[in-house]
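Let's take a walk through this one, starting with the big picture and then zooming in on side chains.

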Amino acid sequence: CALRGHYLEFGTWYGRSFFPAYFRLRGWLRGKFYAFDSFAGLSTPLPLESEFTGGDFYAGGYCCNRASFETMCSLVGMPAGRLYIDEGSYDTTLRRHPSEYGLEPGSVSVCVIDCDLREPTVEVLRFVTPLLEPGALIYFDDWRLTRARAVVGERAAAVGWLKAKPD
C-alpha cells in the first residue's frame, strides 16, 4: 500500500515483536524504527485488568531493562541509524512534542501497541493520532486479553478513541 514512513512500537519488552517487524518491514519502510518502553514493566493495572488476566498483569510485570534491549539490538544487527529508543512512562514521555522525536504529522506508517493496559494505551493513541499517515496500520497486541471488555485494556482505550475520532 506504499506505506513508507516510520514504525512505532509501544511496549517492546525484550523485542519479541520489534525485531521480527524490523526484518519484515525494513525494505518497505524508509523511516526509523521507534521502541517506546518504560523498561520498568507495567504500570499499575486497573483491578479488572489484573483479574481478567489471572493476575498476569501487575505493576512491574513484563520488565526488560534498557541495557538488555540494547544488547538485543546489537545481537540482531539493528543499524543505529534506523533505531530510536525512548525510555520512560508514557504519561511523561509522550507529553513532549512529536518533533522532538523526529516525527511529523502523517509520518507514521505502522504503530504497534503492546501496552496491555487501558491508561498507557490512551496516552499512546493521543500521541500518535496526528502522526498517522492515511492507511496506516495500527496493531493492538492485547485486544482480547481482558476478555474484550470495553472498560479495560487496550480494547477499552481503542473503543473510546474511535468514538472520539470516528475518522
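A bit of bookkeeping before we start. This is a predicted model, so local features need pLDDT of at least 70 and side-chain atom pairs count only at pLDDT 80 or more, while totals for chains, interfaces and linings use all residues. Residues are numbered from 1 along each chain as its sequence is written, and side-chain values use heavy atoms, with hydrogens and water left out.

Start with the sheet. It is open, has five strands in the order β3-β2-β1-β4-β5, and pairs them in parallel. Strands here are DSSP runs of E with at least two residues, helices are runs of H or I with at least four, and both are numbered from the N terminus. Two strands count as paired if DSSP finds at least two bridges between them. At the edges stand β3 (83–87) and β5 (132–140); each has a single partner strand, so one side of each is left without a neighbour in the sheet. From one strand to the next, the twist averages 15°. For such angles, axes are lines fitted to C-alpha atoms (for helices, over the stretch in contact), and the values run from 0 to 180 degrees between N-to-C directions.

Now look at β1 (residues 6–10) and β2 (residues 33–37), which pair in the parallel sense over four bridges. One handy landmark is L8, whose bridge partner in β2 is Y34. Helix α3 (residues 66–75) packs on the sheet, where it touches β2 and β3, and its direction makes about 170° with that of β3. Contact, by the way, means heavy atoms within 4.5 Å.

How covered is β2? Five of its five residues are buried, where buried means under 20% relative accessible area, exposed means over 50%, and partly exposed is in between (1.4 Å probe, protein chains only). In a regular strand the side chains alternate between the two faces of the sheet. Here both faces of β2 are covered: F33, A35 and D37 are buried on one side, and Y34 and F36 on the other.

A salt bridge needs a side-chain nitrogen of Lys or Arg within 4 Å of a carboxyl oxygen of Asp or Glu. So what surrounds D37? Leaving aside neighbours within four places in sequence, D37 is in contact with G11, T12, W13, D86, E87, G88 and Y90. A polar atom of the D37 side chain also lies 2.7 Å from the backbone nitrogen of F39.

F39 sits in the loop between β2 and α2 (47–52), is buried with a relative accessible area of 6%, and has a phi near 55°, a positive value in a residue other than glycine. Most residues other than glycine have a negative phi, and most peptide bonds are trans. Y62 has a positive phi as well, near 60°. Y62 is found in the loop between α2 and α3 and, at 30% relative accessibility, counts as partly exposed.

Back to the charges: the salt-bridge count comes to eight. R66 forms one with E87, the closest N and O atoms being 3.7 Å apart. R66 lies in helix α3 and E87 in strand β3, so the pair ties together parts that are 21 residues apart in sequence. R66, E70 and E87 are linked in a network of salt bridges.

Finally, find E123, which is buried with a relative accessible area of 13%. Its side chain meets that of R95 in a salt bridge (2.8 Å, N to O). R95 lies in the loop between α4 (90–93) and β4 (108–113) and E123 in helix α5 (residues 118–128), so this pair ties together parts that are 28 residues apart in sequence. R126 forms a salt bridge with E123 too, at 3.5 Å between the closest N and O atoms. R126 and E123 are three residues apart in helix α5, so about one helical turn separates them.

How values were computed:
A polar contact is a pair of N or O atoms within 3.5 Å; within protein, one must be able to donate a hydrogen and the other to accept it, and residues adjacent in sequence count only if both atoms are side-chain atoms.
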